[in-house]
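Hi there,

Here is the structure I promised to pass on to you. Have a look at it first, and then read my notes below.

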Amino acid sequence: MKTLEVVPLTRVEGDGGIKVTLDGKKVRSVTLDVHEGPRLIEQLVVGMTPEDDLNVVPRICAICTLSHKYAAIRGLENALGIDPPEKAQVMRDLMMLGENVESNSLHTFLLALPDFLGYPSAIAMLDDYGDDVKRALRLKKFGNRVMQITSGRIVHGENPGLGGFGKYPTKNQLTEIALKSKELIPDAVRAVELFGSLEYPEYPEAETTFMSVNAPAKKFGLAGDSILISNGKETDADDYKKLTSERVVPHSFAKRSLYEDKTFAVGANARMINMGKRVGGRAGDFFKEHYSERWLRNPLLNNLAQAIEMLWALEQMPETTELVASMDDPKRAEPTRLTGSGTGAVEAPRGILYHHYDIKDGLVETADIITPTAQNLDDIEMHMKLCAERMLADDKKDAEVLLALEMIARAYDPCISCATHLVTLKRL
Amino acid sequence: MHKLRHTPGDPEEALTESIEAVSGPGPVYVLGLGYVDKADDGAGVLVANTLKKTFPDHSFSEHDGVEGVVMDISGRSGPGVVLFVDAGDLKASPGTIEIVARDQIKDTEISTHRVPVALMAAILERSGKRVAIVAIQPKCLEFRADMSEEVGRAVAAVEAALSRLMRERNG
């Protein structure tokens, strides 16, 4: 018996590692072990007011902070019967576009690209790909700026709230976003061209199922009340438990998810697979050019999907800011009840993020948060195991196998800190 | 040779001299890193936020978007030094402060949530800036816990040392 390990797994968020157990050339198991300690956020918010909950839950993550905020807002608004004004909805779209650019730029250029180009890290790429490193930083800075303008701060902004926003951006700020987004489009195009030109190894390929929200009005988007499944089904977001069937495993502090007893994937590739035909502009052209049946099998193509999505996000911004500017600042919508249940589903950069709340007499009675990384972990392991088996059968060296497995795990852009916020401690 | 590690109780002037020794010419920029919700992990952000009141163009924290700040500083002409202030496991008693020179900053990348310090350092160096880390040994990293007294005192010492240096050099 032999064990190959990657500990820690770098260029992912949080403390994790990959363990491959071999019996000769036969792969006994491949596990993505999550060592990050649990943070028990769902228990922490019980008894809080919905407003306090909104201040606490985004702390689960510093990069998807607005996704957590927005998922919580949607869940709480559904529970409390709040109907937010149209301008607030459009502003929420804008803040999510900013977060998408912020996160996808970092992952594509700086975390995923070095593997494909044969560099140990983005630092080593500086001599040959210095302009691309700077592109990543420019795009991330701009994504952060959009988040700052819409949410009040770059990290953990408190401007978005139940029923609307505390303050809406000025026309100058909206113009700044519109102009800068247009200016940065060549940087996103470069990302698409780079990832569109890469060789994607076939070793990890296997059919899987993809889930994403169904954005309203038949548009590509980052929030919705129902979930699209790549098998053609559509399910109300309130039925999220049936879609995710959470369970615990011994080697991980993060819960796992299966759909109809099989693994599934969420993320940019799932969004593109389910809603890609709705994308317009240059991003739509690139999607048509690059999309193939391989997207349904190869998790590494999530990197290309992220690049196309980043371009889509930038292309959406001028129109979205114009729409925000065209509307008067509304008052926040108020709750119509103090007891109720609701689910919010949004597309964090890494995939669907669910927040469900039961509110009783104006206080949180239960909270349930299911993160994209927790949904993806079984799928990551499935693809890694297949990849290891095939590469070992082809007499690949251990180091090559481990790098390939790291690339698969990184392709999902996992956020381990997010995934470990919710494990239940059981004492016998 | 200046002392690079300062234990609690060491004179403040010695810390200023140590930082000055790695700084080279030009203005001093401070970039505070960390997570304020995790007790001592927020030490760097606290230092930067205090200095920002007096030096708004030269002190920044994690909350200002460090990648953007690095881009801006690297675009400024002339020499200078960027000091990343962060909690770090120095295998020392809580509150110990160490000045980590650029060549000792590891190139490993553990987190995706921001660009690695080593990459930011490399970009800054290419623009003619020096880089060093002022690391503070944490005692407690628990979520929503209070900062420890030892690290609180270290934060005050670093603030005082950097404030003195920035007053002298930043005009």
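This is a predicted model, in which local features need pLDDT of at least 70, side-chain atom pairs count only at pLDDT 80 or more, and totals for chains, interfaces and linings use all residues. Residues are numbered from 1 along each chain as its sequence is written, chains are lettered from A and ligands numbered from 1 in the order in which they are written, and side-chain values use heavy atoms, with hydrogens and water left out.

Let's begin with chain B, which has five helices and six strands (DSSP runs numbered from the N terminus: helices are H or I with at least four residues, strands are E with at least two). Along the sequence, they come in the order β-α-β-α-β-α-β-β-α-β-α. The radius of gyration of chain B is 15 Å, close to the 16 Å from the globule rule for 171 residues, so chain B is as compact as a globular protein of that length. (This radius is taken over C-alpha atoms, and the rule is 2.2 Å times the number of residues to the power 0.38.) Of the 171 residues in chain B, 56% are buried (under 20% relative accessible area; exposed is over 50%, partly exposed in between, with a 1.4 Å probe and protein chains only).

Now to chain A, with 13 helices and twelve strands. Its C-alpha trace spans about 65 × 55 × 40 Å along the principal axes, and buried residues make up 64% of its 428 residues.

A:Asp239 is partly exposed, at 31% relative accessible area.

Enjoy exploring!
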